[in-house]
Amino acid sequence: MILNIEEEDNDDLDVFYAATRRSEGFSEGRLRRHRGSVSGHRTVNRGRVEGHERLYRDYFATPCVYESFFRMRFRMSRPLFLRIVNEVEQYDPYFIQRTDAVGVLGLSSLQKITAAYRILAYGTPADSVDEYIIIGESTAIESLRRFVKAVIAMFGDHYLRSPNNIDIARLLQTGEQRGFPGMLGSIDCMHWKWKNCPTAWQGMYTGHCHEPTIILEAVASQDLWIWHAFFGLPGSLNDINVLDRSPVFTLLVNGHAPPVNYIINGHDYRMGYYLADGIYPNWSTFVKTIPCPQGLKKKHFAKAQESARKDVERAFGVLQARFAIVRGPARFWDEETLADIMKACIIMHNMVIEDEGDVGNNDFDGSDANPPVEVSHAYTPELEDFMQTHYQIRDSVTHSQL
């Protein structure tokens, strides 16, 4: 019997070739069912151009459809919102409208920024803005993350600044008119519920609210401008624990704070103070109410202090009303994003206050708060001066005199 080796080899090659073709056909069919360039990615033809045209026609055209509703729905005037849009677009190229590989226009800057802003203002889930703004959930979340970072980078130095000399003079004048010479504002803490807090951290972030929260310490003045914001500590801490970690007196201790001089009852003072509630310590930088006041004089002081101290409470209420995301439960998982959201909301809150004319000084020169970076040759307080200022801040005798 003679074996034909070539024929057997050809048969094996034919079988192998057929099996390979079937495998390739199966793979092509499987990929073809998903469509798109990424396996498992769903492509939805939302009509981005039509969505941009509708959004522009409704709120940004001249005249627009909802001219009288813009302030109510965007929580600010249209010129201020467009200013934010222009600055954010210049900072991050992500918000610039582009075309894809086949020449299809992508989302416009108005669509991305409006989606991010509505999530902040209304506290809604990311997929809720898809039906009107025509933007996917993942794109809305990415736009939100980039938007808050851009707002902090572009406006943080101005609207999260510490009070300068002009601000201090205005705050002291306002405090003296209200019967509290030397007052720089009122201080308190607010809790923000963290719905998606990791299970391993829930014990650390759960306090008197009986659910995980993150604390914001803030200082606000009568016009509701927030001058100090310290965010990120777990909700199991109280106001005293937050104060021990807070940088609210850092500039004062280091000798870099603007001078504050005033006279009360014949005594000279060189440090301003904040109105606080009863949990805060008896320091010279805090003025608290009198518990169970006896006599007309003490009752009048307690009533005036408790009334003026509500400035920070009103600031918290207005902040939560303008940006419902900080009133409801936080849905993000990482602390960095939550901190960026809180800072961006406070910045835009201060921008609205300045835009609406509630601040006495709207002609702020940014060069004073954001000077060029230079090597400092200023006087550095020695250890004894540092400790002396440290003890002066915590002087209970001065607190009683005030």
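A polar contact is a pair of N or O atoms within 3.5 Å; within protein, one must be able to donate a hydrogen and the other to accept it. In this predicted model, the side chain of Arg 327 meets that description, reaching the backbone oxygen of Gln 320 at 2.9 Å. The protein chain contains 17 helices and seven strands. Of its 402 residues, 42% count as buried. Among contacts in the protein chain with a separation of 6 or more, 66% join residues 24 or more positions apart.

- Arg 327 belongs to the loop between α13 (310-322) and α14 (335-355).
- Arg 327 is exposed because its relative accessible area is 51%, and the cut-off for that class is over 50%.
- Once neighbours within four places in sequence are set aside, Arg 327 is in contact with Gln 320 and Ala 321.
- Trp 192 is 135 residues away from Arg 327 in sequence, yet the two C-alpha atoms are 6.9 Å apart in space.

**Helix α12**

- Helix α12 covers residues 296-308, which makes 13 residues. From its first C-alpha to its last it reaches 18 Å, close to the 18 Å expected at 1.5 Å a residue.
- The buried residues of this helix are Ala 302, Gln 305 and Ala 308. They lie on the same side of α12, because they cover an arc of only 140 degrees around the axis.
- An α-helix has 3.6 residues a turn, so residues three or four places apart point the same way.
- Leu 296, His 300 and Lys 303 are exposed residues on the face of α12 turned away from the buried side.
- The partners against which the buried residues of α12 pack are β1 (183-193), β6 (273-275), β7 (286-287) and α13.

- In soluble globular proteins, nonpolar side chains tend to be buried together.
- The largest nonpolar core here has 99 residues, and Leu 120, Phe 147 and Met 348 have the most contacts inside it. Helix α14 supplies the largest share of this core, 12 residues.
- Phe 147 is in contact with Leu 120 and Met 348, and also with Ile 84, Val 88, Phe 95, Ile 113, Ala 116 and Tyr 117, leaving aside neighbours within four places in sequence.
- Helix α14 is mostly covered, with 17 of its 21 residues buried.
- Gly 357, which follows α14, has a positive phi near 80 degrees.

**Ser 143 in helix α7**

- Ser 143 is placed in helix α7 (residues 137-159).
- Ser 143 is buried because its relative accessible area is 0%, and the cut-off for burial is under 20%.
- A polar atom of the Ser 143 side chain lies 2.8 Å from the backbone oxygen of Thr 139.
- Not counting residues up to four places away in sequence, Ser 143 touches Tyr 94, Phe 95, Lys 112, Ala 116 and Ile 135.

**Cysteines**

- A disulfide is a covalent bond between the sulfur atoms of two cysteines.
- With sulfur atoms required to be within 2.5 Å, the model has zero disulfides.
- Cys 189 is buried, with a relative accessible area of 12%.
- Cys 345 is also buried, with a relative accessible area of 0%.

**Backbone geometry**

- Most residues other than glycine have a negative phi, and most peptide bonds are trans.
- The peptide bond from Thr 62 to Pro 63 is cis, with omega near -5 degrees. Pro 63 sits in the loop between α2 (48-60) and α3 (70-74).
- Arg 75 is not a glycine but has a positive phi of about 65 degrees. This residue lies in the loop between α3 and α4 (78-91), and Arg 75 is buried, with a relative accessible area of 15%.
- Leu 224, likewise not a glycine, has a positive phi of about 75 degrees. The loop between β2 (213-220) and β3 (226-234) holds Leu 224, which is buried at a relative accessible area of 12%.

Conventions: Residues numbered from 1 in each chain as written. Predicted model: local features only at pLDDT ≥ 70, side-chain atom pairs only at ≥ 80, totals over all residues. Heavy atoms only, no water. Helix = DSSP H or I, 4+ residues; strand = E, 2+ residues; numbered from the N terminus. Buried < 20%, exposed > 50% of the residue type's maximum accessible area, 1.4 Å probe, protein only. Contact = heavy atoms within 4.5 Å. Expected span 1.5 Å × (residues − 1). Arc of directions from axis to C-beta. Core = buried A, V, L, I, M, F, W, Y, C linked by side-chain atoms within 4.5 Å.
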